[in-house]
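Okay, hi everyone, thanks for coming.

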Amino acid sequence: MTAQIFLDRLLHHHRQLLPLSLASVNLLIVDECHHATGNHPMREIMRRYNDLQDYKPELCPRVMGLTACVIQKKCKLREVTKSIRELEKTMFSALVTSADAIAVKKHSTAAKEIVICFETEKLSEYAESIQAQLIGTTSEVHDMHDIDDKQKKLLIKKLQNINEIIVHLGEWCGARAVKYEMENFEETEELEEIPALRYLKKRIIQRLELIYQYCCQNEKNMSDPLRHASKKVQRLCEILSVSKNDACGLIFVYRRNTAKLLYELLLQAAKIHDKLSFIRPAYVIGHNSRIGLDINLIQNELKNQNETLAAFARGETNILVSTSVLEEGLDIRHCNMVIRFDKPMNYRAHVQSRGRARAIPAKYILMIEENSVDEMLSTLELYTEIEAVLTDICHNRELPTDVETAVHFAEDEHIPPYQPYGPYGATVTFNSAVSLISVYCGKLPHDKFTDLIPEICYQQSETGDPKVKAGIRLPINSCLKSTVYGDWMENKDHAKKSAALVLCKKLHQMKELNDYLRPTSKSDITIFDDMVEEVEPSEMSTESDMPQLGTKKHRNVYNKEMCPAFSVMNNDFKLYSVIVQSKGIGNDEIIIDSGRKNISVGLLCKETLNLPPFSLYSSKWDEVMIRIKLIDESLQLDSRTVNHIEHFHKIVFENLLDTSPTLFDFRPQETSLLIVPMRGDQIDTSLLSNSASWKSLRMLDALTASDDIFNFERSLYEDAIIYPLYFPLSEPMYYVTNILDHVGPKDKFPEGGKSYKTFEEYFLFKYERKISNMDQPLMTAKHVPKGKDLNNLQRTVQRTSGKRKNQILGNFVPELCGVLPLRATLWWQIMLIPSVLNRLNYLSMAEELTMMMTSTPSHATPKWQSNETDSLDFDWSSKFIKKIVQPTGNNLSVILSNTEPRPIQPFMIVNALTLKGANDNFDLERLEVLGDAFLKYAVTEYLFLRFPADHEGKLTMKRSKFVSNKNLYLFGMKKQLPGKIHSIKLNPPMNGILPGFVLKHEVEQKLRELNAPYELWPRFADFTEEEFKEEIKKSEGICKTSCYNPWTQHELADKSVADCVEAIIGVGLLVGGRETAIQVLCNFGIGVTNGSSLKTHIPIQSAMLNKEQWAIEEMQKYYQKCCLNVLEEKIQYKFKDRSFIVQAVTHSSFCQNKVTDCYQRLEYLGDAILDYLVTGMVFSGHDYTPGQISDMRWGCLQFSLRD
């Protein structure tokens, strides 16, 4: 790892965690250890080593430093020994090198050093004219007396860079040099804050644009770059042309702009000149290390650098122009030629760049101007002497003593480190405090136009003492608004470090730095400790390779919850009648109304079912209304009757839902819900008694003997359900639509019936069934729905044309058909029972949840009266919105902020708990959008008022603790929502409620062992085990689904649970207004447990940071200077407290404003309010889908911002 990362791990760990300390390291290898000077991280690592040695030296690791050059900076020969000793003290080591110099040379490259001269450049008239314009612009900068010299130097450097390019590369690069500097003015962005500098920078850019146009005009005819290149570049090309065979080289330059423009020049020259056509150039300049630079830009530059080096390694390029970034540290291809286009700045640069010539043979070429040859040769001679001295003294050296190292590190450790958790906890040192402040500022919210850099001011002692004190003021959007001062120190550098250390202490006390003494991140926000009730995390696996909690991909299997009426066992029976009444056009062939024949289905349960009427639907009979009528609140039944009821219940469900005895056991003792036939308000005991002898509703009775004649009884086939005896029991049943008195078995068979003459012949040859009674009439019949068609929850669309699904299938002979012992009128009502049980279950659970979520008396839900005739309307939300919006025309969000609370009804909660996948008449999606917008708004407002010192980033992180899907999922889990959610489309035989039927234990165990997808569980009885395994393999290739019991369990994504929480909040808001919605939030646990909550009124504080008179006057000055009265006229609102409008127009880069914060906190609040209002506006219109709402909301926001 890098030295900085290792240092961070040493300095910033917490005592409660496993620390990474030097005591846990056995061997510390430090590469390029010559950097361990000054404030470099390597030196700070060794400072920690020194601390450990003072405490327990036996725990210190062994240290080995590696370097190709121990001399880091320029030094004279007599200073070499001193520099080496300083490095040895830092590294707690003694310098050594190979004892056998001959062996080293044998196994290392020895590049041939060559010094090549080039003529002194004589500028052309064109180049001199550019130089004159640059000199004139430079003079203007010098003449600006109201600007600091340091700031002038930064601007003048940009002009000097252009001049250097023209001198060293030639006039061909003139326009390109000017363009490069204009495109790279980021280094001067901080000057934008000072008006005089901003004006000067603008003037310089205007001058450069004129120079650029002049250069472009003159360089139009410079097609050949070498003819207009400098003598230095021409000499370089001569060197390259001589080495064209198998050339692979590096060209080292000093400046970044030189590297880029030299690359462009070589690229163009290679296209024109045959002698240079072998050149395939590239360039590497490293990344810009300027403070505040966008990390994405740095990452992109590093990516481009790596791609360039990879292409060089593959041989796609052969000449690499580079700055000092390639002198050390990076692994590159072996080169046979290294050219120092610009001379090495010091001994280290000379040694490192020469070491890049690793091929055999290789040349190391230094390019020197003619008049500088003597100076260069003298320098090379000094380098040779230093190398000889190093070779001579790097043997038998003694380790530095403890006293030497202690004194060495004490020299620049002027203030003890900040260690709030003890000497082995997280630490901020005198030398690391400044970098930590820079990191903290970089974490503050900012945009691409802003570099957040702290302001530093210095104070000189008034007593004549040369000591200095520094003060640091953080950017305007920091939580700490005051200037923090350090101690009096010997110089400005130490004073700045002292102030930074004090500032770090204050930030940690304010919890802006976490327990690791790093800037607080999202994971460090401990708002849950005092702002939400404790939520237990999910027990499901959350390994690193698993999807994260709260996401769509993280899914769990949950037990479906049953309402008390279906599960309570210890009370007396209550008898209810399921009254069915047609609402639509109806069907004359089907009698389904309970009142028509005075027949109905009864429900026996042991808890109250006090629910309103609701609709069910079918293509057979359109819409019917279901009403649950209480017949007897405490019904006493003898054991014989109970047995008859249980038997009736069993055979009905076995036939209705094809519950296979292979899969299920019937255990009536484990259910409190049974169905019974009723006639009027009484149990049909006669039918129950008859059913006691039935083994099944469908039996393949033996056909009449040949000498017996079938006796047709008309009443038996009226209002009847029949099943052909020549079909297997798995085939569907039919309901009789008409008895054809004029058609008999001897009648002509319809056309298209192949060669059959009569119906008698057809049944004889087709099914081998002989008809005995030729006088019996035939019947017409249609399919009776079964399986998934028993789902009557969703509204159906009647077909008006085309081939009808329920067309007449043919003619049936009564003699060849079995008759269901239940009348069709009763059977139609029995077929509704799976849908009735589903709806009753979810409504009953929702009633219980409604009482729990709205616990205050004012929001208590009134029970429905049993004689209520109004049905549930699942279009309630749209009608409700129209009812409250149309009279006023106001925004829905505004209306709901002041509306009177209304009671929440259970069917509204059912709406909020029904997913789109349930394929019902309603789903939660619109309510979820409304709840999400309100949740964001309510939490944003609360956090804004409760934490007036927090900046936008911290407030956003705190808000994410509330509104993140992960935490909303945990809130839902706490209220046990997953078991109450309607998640998948009802298919009664596959996933419906089967009261009294329990999947056999051995079957369930086997299916789980086979890891069978839930879709295959109902089909287990249809296959042998081997065939079933094949079915599992086939299903894996189609779609991977989970293994669970589909009758008692379902699978949900965490995101679905979170969506349900938001939908319930949406219900509370829509029905009860803001106050009810806040109550729902608190009941979910989104509240404060230490005396404050989202319901707590928090007064609005002024935006003024200081209430003193000077601050008020300063605020008024900004108000007048920015003409904010005009803005108030535009928005038609006059601020009572003008500090808010001043804050609203203050950018984070405008550090001159010391009286208010920047606009970021108000932007955080305004964004949530605007989102909520726009959502309310969109909801006030048509019944848009959630996707349309999101698109319209985005469009409205864009339109508003554009206006």
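Let's start with helix α30, residues 952-963: it has 12 residues and runs 16 Å from its first C-alpha to its last, close to the 16 Å expected at 1.5 Å a residue. Oh, and keep in mind that this is a predicted model.

Now to helix packing. Two packed helices are described by the angle between their axes and the distance between the axes.

Take helix α29, residues 925-946, and helix α39, residues 1160-1179. Their axes are 9 Å apart, at an angle of about 155°. An angle over 145 degrees counts as roughly antiparallel, so that's what α29 is to α39. The crossing, by the way, is left-handed. On the α29 side, the contact includes L930, F934, Y937 and F944, and α39 brings in residues including L1165, I1169 and Y1172. Sorted by class, this contact has 14 nonpolar, two polar and six charged residues.

Next pair: helix α31, residues 965-974, packs with helix α35, residues 1054-1084, at about 80°, and the axes are 8 Å apart. That angle makes α31 roughly perpendicular to α35. Which residues of α31 make the contact? They are N965, L968, Y969, F971, G972, M973 and K974, and they meet α35 residues including V1057, A1058, V1061 and F1084. By class, we have eight nonpolar, two polar and four charged residues here.

That's my tour, thanks!

Note on methods: Residues are numbered from 1 along each chain as its sequence is written. This is a predicted model: local features need pLDDT of at least 70, side-chain atom pairs count only at pLDDT 80 or more; totals for chains, interfaces and linings use all residues. Side-chain values use heavy atoms; hydrogens and water are left out. Axes are lines fitted to C-alpha atoms, for helices over the stretch in contact, and angles run from 0 to 180 degrees between N-to-C directions. Helices (H or I, at least four residues) and strands (E, at least two) are DSSP runs, numbered from the N terminus. Angles under 35 degrees count as roughly parallel, over 145 as roughly antiparallel, 65 to 115 as roughly perpendicular and the rest as oblique. A crossing is left-handed if the near helix is turned anticlockwise from the far one by less than a right angle, and right-handed if clockwise. Contact means heavy atoms within 4.5 Å. Ala, Val, Leu, Ile, Met, Phe, Trp, Tyr, Cys and Pro count as nonpolar, Asp, Glu, Lys and Arg as charged, and the others, Gly among them, as polar. The expected span of a helix is 1.5 Å times one less than its number of residues.
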